[in-house]
Amino acid sequence: MGVKNSFEKDFQEAIQFFPKLKYRKSEKGKMWIVSGELDICDQVGDYWETFIIAIYLPTSYPYCTPRVKEISQLILRDDDWHINDEGLCCLNIEHRMLLIAKRGMNLTSFIREKVYPYFANQLFKKNEGQYAAGEYLHNFDGVAQFYREELNIASPVLAVEVLKGIISNKLPERNDPCFCGNGKYKQCHMASVEFLRSLPFSRLDEDLEEFSKLIC
């Protein structure tokens with residue numbers, strides 16, 4: 001048997017926790033496909049439901065953005081359930097998924113921290129009528145919500161100023177006044193800017209264009 005690559009090594013770890021999953025390579029060899037049954041239990045270990053899923057990972061793994069598909073069709077195909085007509089699941093805001101790709105992912109952690117909670121939350125909403133910890137709005141409204149709630153960038157005007165500063169590489173020094181004018185940069189929005197700087201410029205350009213439309 002040949003030496004396993006990083007994906008195959010990580011898969012062997014993953015099946016210790018999720019033994020009903022298997023993997024194969026796509027016909028053109030450009031994708032790892034992890035598929036099978038995912039059993040969902042509550043916090044005390046009581047069984048809830050089993051989903052049939054597929055996880056598509058480019059062979060650039062671990063530096064990739066996975067896609068997850070729900071095959072069992074137990075989830076209503078609707079934007080309000082964060083799943084499209086093809087069964088592709090929206091696990092998190094795209095910005096966080098892009099950061100995973102840049103830093104490098106681990107299959108076990110991805111399933112435990114992103115995939116499993118997504119499906120458990122779907123069952124929670126089915127029973128309770130809402131998600132356990134809230135949810136992002138749809139489309140760019142969700143992006144704007146992410147900027148407000150996670151990055152403390154509360155307005156489109158401030159978002160445009162921050163994004164222009166990053167893209168043009170004209171950022172305040174640590175002890176300079178922040179973009180928002182509410183104190184020193186290092187104690188205010190510097191952490192938010194560093195997060196955004198870790199994302200592809202194509203994503204920042206798209207955000208800048210959409211925020212600019214909101215203030216026209």
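Helices (H or I, at least four residues) and strands (E, at least two) are DSSP runs, numbered from the N terminus. This is a predicted model, in which local features need pLDDT of at least 70, side-chain atom pairs count only at pLDDT 80 or more, and totals for chains, interfaces and linings use all residues. Residues are numbered from 1 along each chain as its sequence is written, and side-chain values use heavy atoms, with hydrogens and water left out.

**Confidence**
- The mean pLDDT (the predictor's confidence in each residue, from 0 to 100) of the chain is 92, and 98% of the residues score at least 70.

**Nonpolar cores**
- A nonpolar core is a set of buried (under 20% relative accessible area, 1.4 Å probe, protein chains only) Ala, Val, Leu, Ile, Met, Phe, Trp, Tyr and Cys residues joined through side-chain atoms within 4.5 Å.
- The largest has 33 residues, and I55, L57, L107, V115 and F119 make the most contacts inside it.
- At least two residues of this core come from each of α1 (6-17), β2 (31-41), β3 (47-58), α2 and α3 (107-128); α3 gives the most, eight.
- Another core, of 28 residues, lies apart from it and includes Y136, A159, L196 and F211.

**Backbone**
- The loop between β3 and β4 holds P62, and the peptide bond from Y61 to P62 is cis, with omega near 10°.
- N152, in the loop between α4 (139-151) and α5 (156-167), has a positive phi of about 60°.
- N169, in the loop between α5 and α6 (190-197), also has a positive phi, near 60°.
- N169 counts as exposed (over 50%) because its relative accessibility is 58%.
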